[in-house]
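Try each task yourself before you read its solution.

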Amino acid sequence: MLPLFVMATPAAGPAGNLRIWFDKPAETFQSSLPVGNGRLGGMLFGDPFNDKIVLNESSMWSGRQLDQNREGAWKSRSMILELLMQGKNSEAEGMMDSAFTCDGPGSGSGNGKDGPYGCYQVLANLDLRFPQTGSPIEHYRRELDLESGYARTSFDSAGVAQTRELIASAPDQVIAYRIRSSKAGSLVFSVGLTRPERGKVHQDGDHGIAIEGRLNDGSGGEGLAYIGRVRVIPAGKGRVEVSGDHVSVSGADDVLVLVSAGTSYSGPIAGNHMGASYREVTKAQIESASKKSWERILEVQRKDHRKLFDRYSLHLEGPSRDDLPTPKRLEAFEKDGNDVGLEAIYAQFGRYLLISSSREGGLPANLQGLWAEELQTPWNADYHLDINVQMNYWLAESTNLSECHLPLTSLVESLVEPGARTAKAYYNAPGWIAHVITNPWAFTAPGESASWGSTNTGSGWLCEHLWDHFLYTRDRKYLKRIYPILKGAAECFNSILVKEPKHGWLVTGPSNSPENAFRLPDGRVAHTCLGPTIDEQILRELFENTSAAARELGVDAEFAAVLDASRRELAPNQIGPDGRLQEWLEPYEEVEPHHRHTSHLYGLFPSDQITEFGTPDLAEATRKTLVARGDESTGWSMAWKVCFWARLGDGDHAERLLHLLLRPTGAVGYNMTNGGGTYPNLFDAHPPFQIDGNFGASAGVSEMLMQSHRERPGEPFTVSLLPALPSKWRSGEVKGMRARGGIEVDISWKDGALKNAQLRSTVNVAQSVRLRTKGPVRILSGSTHVPVRTVDSNVVTFDLPSHATFRVEG
């Protein structure tokens, strides 16, 4: 018999209440609530009688480290290049499929669970069964508190109140689930662990059970080993019995359920991995937590979470439908867009998810962050290098989560050695390269199909994140750590560039504009090409950044000069006959005019090669490109477009994309064109669930409120206040943003105009700041006016001493 739910409208929360909440249990994964500590994750369903928490551990990967390079592939490259230079792209693509893809199944066409590439998988389900009472369920509420990092279910039945609280603690490295009843001795339930395959449950001590197994290594053997442990501890009275594969509880009113988990993963991504000691480490973790009270575990978890979360705050004045459950709130917002509070929550939700899925010493956030319910996750939940893993980290620096960016550095470091073998195999080149996909096993070869797998600048794009972390932190120790990586990537690309025959420009090849196709003059469709625009933009940036890093460190002056010379010969951004930015060297006809990838606008965002004030003609060409591409697309694509329109200074169009991104959907099947939206729990829908849209949208909100990029080559970074403020966000305040140069920024505005701002240096060097506003401002240090150099009515420059704080008044 299903429980009867009697819904009562809860009291409205305070303005700016950062909670996602429901008035009924989750029926799907996309309605459950996520918690995470960077390594362990849980998804709370919250059914009063058949409760479930989906458990995840970030290294839960099948497959194994296997070199899928095609040895001697470089010998075919000269013929492929010759065909491309003759305009025989289809023939070149055919040759690539036979001689220049990976040597093996690659990603298994995105279904790599039982192959050597592997896939990210669910750890187990924690199932809790409570007896059916026959009484109706009243005052039901299930919520996720973003500020404190906990999920909670509460309800009344037959006059008894029950509360269940879920956290994932980074300090204690456990998931903790506290269950309380208002009636003494009334809690009766069982706890079990289930997994569809490769898992055996057994007793684990007097109060616990464990699930253990080994995943498929994809080569006929057993791969990574894992364990998940559960300990059930009543506070005070209550009886606990272990029987086979489950734990039974009776006569209790306050019970703590603890989970620890780990795997035998030990690399190649460096970090705080358990390796062969995974059983001993997880046992020590759960025993240590078992000696602590719920209150103590909660206290240290909350302090750890808020240390990161509270650095940044956003308040938008205006309507905020906090009284509506989140699914109904999404429906109302789709109709009238009248809920700035929801937009603020969505921006903060991205930060919450990054804190929960990416911590220093752990693996980086994957295509689903940390959370998965399947064995075969979509696209293996791997690290796609043609935008997706990079988009995961766009918000890290600007929203003050710099430490959460570091797992991406560890990923890049893991690719250098295998990437050097790939560079030799495919290009006979020095340095290192990674193409379009990778995983925790450091896959660097091209993909299994030339139509998408020969995108070869994934490593260059990754290097942009390394340099950007330095720009935000000015950490010279970190720069010394990453410089060899930048140099190796630049060495590889500089050695493989070829001159295209028409203009003599230096270009990559063979390559793709990620996942996109074009029509040749003879009507045939092709993907393989020379020098797609995104490649030239990425290499222009990589060469410049590597040269700048060498000068900063006082090393490799000759190599820096070589890179400077090569950069000047790269193919430039081109405006096509239709006035749009050209995606390929030639103005080919687009096969799919509304394609989800808008890769040739990389120079607009995340790069700063195309800017509203520095390159107005190119900026206008990107605007026309975006109009022609259209707004509706996959979730992550619309998030990218939020960032594009913010860079173009069009806040209303950026907010329109945010509105589209927040349209409710329940679709979980694959839609590669126009199905993007938001699930009831605010997870991004590609569809299916793909977390990069959440992260990208949060970065887009940041770009709407503050930008800190160069407007022209050679200039210092321009800190731009409220560059793309939507007309709907008339008044508000944001605190704790970060600008390049290690500057923290607070901004307050009223009636669409800057009220005041504060700039705080967090680095040990003085610097010149270039500030852009929408009108004249005064710069103050205390009550003293700071001397400024006026560039124009909207731009001033001034000197900001180390660790100084200046006030900006509009």
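**Exercise 1.** Work out the strand order of the open sheet of 3 strands, and find which strands stand at the edges.

*Solution.* Keep in mind that this is a predicted model. Start with the pairing: strand β23 (residues 518-519) pairs with β24 in the antiparallel sense, over 2 bridges. Within that pairing, R519 sits opposite V525 of β24. Now put the whole sheet together: the order reads β24-β23-β25, and the pairing is antiparallel. β24 (525-526) and β25 (589-590) each have a single partner strand, so they are the edges, and one side of each has no neighbour in the sheet.

**Exercise 2.** Describe how helix α4 (residues 294-309) packs against helix α6 (residues 340-357).

*Solution.* Take the geometry to begin with: the two axes, α4 and α6, come within 10 Å and cross at roughly 130°. That angle is why α4 counts as oblique to α6. As for handedness, α4 passes α6 in a right-handed crossing. Next, list who touches whom: from α4 come H305, L308 and F309, and they meet Q348, R351, Y352 and I355 of α6.

**Exercise 3.** Classify the aromatic pair of F100 and Y426, and say which parts of the chain it links.

*Solution.* Ring pairs with centres within 6.5 Å qualify, and the count comes to 24 aromatic pairs. For F100 and Y426, the centres are 5.2 Å apart with 85° between the planes. Planes over 60 degrees apart count as edge-to-face, so that's the label for F100 and Y426. Finally, locate the partners: F100 lies in the loop between α2 (89-99) and β6 (124-129), while Y426 belongs to helix α9 (residues 406-427). The pair links distant parts of the chain, 326 residues apart.

Methods:
Residues are numbered from 1 along each chain as its sequence is written. This is a predicted model: local features need pLDDT of at least 70, side-chain atom pairs count only at pLDDT 80 or more; totals for chains, interfaces and linings use all residues. Side-chain values use heavy atoms; hydrogens and water are left out. Axes are lines fitted to C-alpha atoms, for helices over the stretch in contact, and angles run from 0 to 180 degrees between N-to-C directions. Helices (H or I, at least four residues) and strands (E, at least two) are DSSP runs, numbered from the N terminus. Angles under 35 degrees count as roughly parallel, over 145 as roughly antiparallel, 65 to 115 as roughly perpendicular and the rest as oblique. A crossing is left-handed if the near helix is turned anticlockwise from the far one by less than a right angle, and right-handed if clockwise. Contact means heavy atoms within 4.5 Å. Two strands pair if DSSP finds at least two bridges between them. Rings of Phe, Tyr and Trp (its six-membered ring) pair if their centres lie within 6.5 Å; planes under 30 degrees apart count as stacked, over 60 as edge-to-face and the rest as tilted.
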